[in-house]
Amino acid sequence: MPKKKTKAAQEIPGRPGAEQPSLAEPVEPRDPLPPKPDQRGPDPFTATGQPSGETGQTRAQGGEFLTTATGTRLPDTDHSLKAGPRGPTLLRDHHLREKITHFDHERIPERVVHARGAAAHGVFRGYGTAASLTRAAFLAKDVETPVFVRFSTVLGSRGSADTVRDTRGFATKFYTSEGIFDLVGNNIPVFFIQDGIKFPDVIHAGKPHPDREIPQAQSAHDTFWDFVSLHTEATHHTIWNMSDRGIPRSYRMMEGFGVHTFRLVAEDGGTVLVKFHWKPKAGVHSLVWEEAQLLGGVDPDFHRRDLADAIEAGAFPEWELGVQVFPDSGDQTYEGVDLLDPTKIVPEELAPVQPIGLMTLNANPVNYFAETEQVAFHVGHLVPGIDVTDDPLMAGRLFSYLDTQITRLGGPNFDQLPINRPHAPVNDMLRDGMHQTAVHAGAAPYRPNSLDGGCPFHAPDGYVEVPFPVEAGERGRLAPASFDDHFTQPRLFWLSLSPAEREHVIAAYTFELSKVYEQAIKERQLSVLARIDPVLCREVAAGLGLPVPDGAPDGDPQPSPALSQVGRSWPTAGRVVGIVAGPDPGTVRTVRQAVLDAGMVPLVIAPAGGVLPGEGEPVAVQRTFAAARSVEFDAILVAGAPAPAADAQGARDAKAGVSGGQVDPRVTLLLAEAYRHAKPIGGWDGAQEVFAAAAIPASAPGVVSGDGADAVLEAVTGLLARHRVWERFPSSLE
């Protein structure tokens, strides 16, 4: 397991290989390079769950020389076999056929949803606080369980951007001593639909239009809003998506939810109902919409890069796993909330989240395809002590996940892929099928048998579904009356947000609906908003230039402060601080080290690449004025006033605009963007001149200037703990 780096060994993350490459092409044969220190492959278990004793080296490619797939060495892979230098290529070229055929079949079907993902290895440690709730062994005190976590967007293809407005998947595979447990959730605690039979409909509505295959990875189009304005049980999830939760700052700063209600079974057979929550130690933070749009072009891989870089830098992301606990009563409701309705939450003020363990992600994958792409999650991967409920959306997922893996991964043996292998012995009597990698022994894959000595035997302590009584009823396509309330909880969410967050919800609905072509759909959705809140409806209608429809919300639920992302302080470890180099590189060197010592990541921004001039330890430049954009940074420090660089020409770099000022125009653009995105900004040694050139008021909230770098950094770090400086732009809703 990789260890957290010491400050002395800490580097800026991002080096692509394990060693620095030579300038010339290497010609001396050598074995393959090992993975980087931050990388770890799947744990070494066989296809039947036995420890294999393999190492990363024995599972990866080996040997100094190029070979065929069957190990025959090759002297040339640059030229096809031909009949003479200018002659035809020969069909007998077995190496050409193998190489091209394998290439032609390298792609497997991408996931229908959650295709765009990033993942990491880690460890989960139980607190023991769940001992009275469940017999699940991995939740016992100080038990450590390997995990693999995949984060994803829902709607986009594998090639889409990370920072689109969308729900994020948060899927965790626990390799427990009792088998695999998959907690397959989202960063939003509710879903669009109440019954699994509607899942194809909501996804078909959200995907690109089938005639033009646009827009990609977006909900700002007619089919999505046509569906959710008609199918109003989607209203609660939709307002979460239109909030800042739809554009998280990073996967490291994102909550996770199991969405459904699960049943836990204790050692004595007692049961409770629970909802699972992941609480990030770094806090819950988001992008602003303009940042998300810019990142789609500047760095469409922003979220996956952020996750990998944080792990490589030793700023390991952490989440506490917690549960809301409810009595396992016959009606399966709590404080008037139907616990089987996946479009509803139970406010944390009514049922506090009880921490039961800590997850730390501490290693990046070695190979994206073998691990992140081939990992297979399934809601039905359960362990003793955890059971499902009769949530009708969960019922659909219990069928769908298994079915889709068979198609996507080529057959029923997908659990034998290294990333999916359990860490508990497997004796399943399942045989044959495509991609069977185990070599099963014995003559009797059935039971009862005597030919294999009766093995496998029934386990007295094995998994048992809770014999929960099922009320007799008339067969039909039905739903309980409690599922009919589609507006109380969206109003609860709206009332729980801060004024700044409400402004963002208004802006999101206005932007999305402005992209809708059909006027009737816009008007229908405004009628839905009128059922949530009159201010929300009025402001969106004004932005669309449409009349405010009739309608009013039903009641005023008590706000839940836990639903807001604003108002608390959070650790700053892993935050990215841009340092704009001025005339004195010495101060840059000092403040860069101070940022590192504080557990944050400094990126030095200068006129040109290479290293900064001056005496002392060389300071590498990570971004030039031409390459840097504000969206990469959580805060910006300005070490003096940088004059225009040689390439500050509009003909070469459009960001330079009209040159002729005393400060490089790319720096003023950088600061102006950071300012309007409510980010902390600090500077010293003449930085006030730069602020003035960027039209940033020196007295504005979150703008810090002074004579010394230490004091400025301290103040900016304090501001970073609150993530944004929302008071810089007072809300009209206050």
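Select Leu526, Leu529 and Ala530 in α12, then Leu536, Cys537, Val540, Ala541 and Leu544 in α13: these residues meet across the two helices, contact being heavy atoms within 4.5 Å. By class, the contact of α12 with α13 has eight nonpolar, no polar and no charged residues. Nonpolar covers Ala, Val, Leu, Ile, Met, Phe, Trp, Tyr, Cys and Pro, charged covers Asp, Glu, Lys and Arg, and the others, Gly among them, are polar.

The model is predicted: local features need pLDDT of at least 70, side-chain atom pairs count only at pLDDT 80 or more, and totals for chains, interfaces and linings use all residues. Residues are numbered from 1 along each chain as its sequence is written, and side-chain values use heavy atoms, with hydrogens and water left out.

Now show the whole of α12 (residues 519–530) and α13 (residues 534–544), whose axes come within 8 Å and cross at roughly 155 degrees. Helices are DSSP runs of H or I with at least four residues, strands runs of E with at least two, both numbered from the N terminus. Axes are lines fitted to C-alpha atoms, for helices over the stretch in contact, and angles run from 0 to 180 degrees between N-to-C directions. The two helices are therefore roughly antiparallel, the term for angles over 145 degrees.

Next, colour the aromatic rings. The whole structure holds 24 aromatic pairs. Rings of Phe, Tyr and Trp (its six-membered ring) pair if their centres lie within 6.5 Å; planes under 30 degrees apart are stacked, over 60 edge-to-face and the rest tilted.

Select phenylalanine 192 and phenylalanine 224: their ring centres are 5.9 Å apart and their planes at 80 degrees, so the pair is edge-to-face. Phenylalanine 192 lies in the loop between β4 (179–186) and α3 (199–206) and phenylalanine 224 in helix α4 (residues 222–230), so the pair ties together parts 32 residues apart in sequence. Phenylalanine 192 is buried at 7% relative accessibility, and phenylalanine 224 is buried at 4%. Buried means under 20% relative accessible area, exposed over 50%, partly exposed in between (1.4 Å probe, protein chains only).

Move to phenylalanine 326 and tyrosine 334, a tilted pair with 5.1 Å centre to centre and 55 degrees between the planes. Phenylalanine 326 is buried, with a relative accessible area of 1%.

For a cluster linked by ring pairs, select Phe124, Phe138, Phe151, Phe170, Phe174, Phe181, Tyr251, Phe262, Phe276, Trp278 and Trp319.

Last, go to glutamate 714 in helix α17 (residues 709–720). Glutamate 714 is exposed, at 62% relative accessibility.

How values were computed
Parallel < 35°, antiparallel > 145°, perpendicular 65-115°, else oblique.
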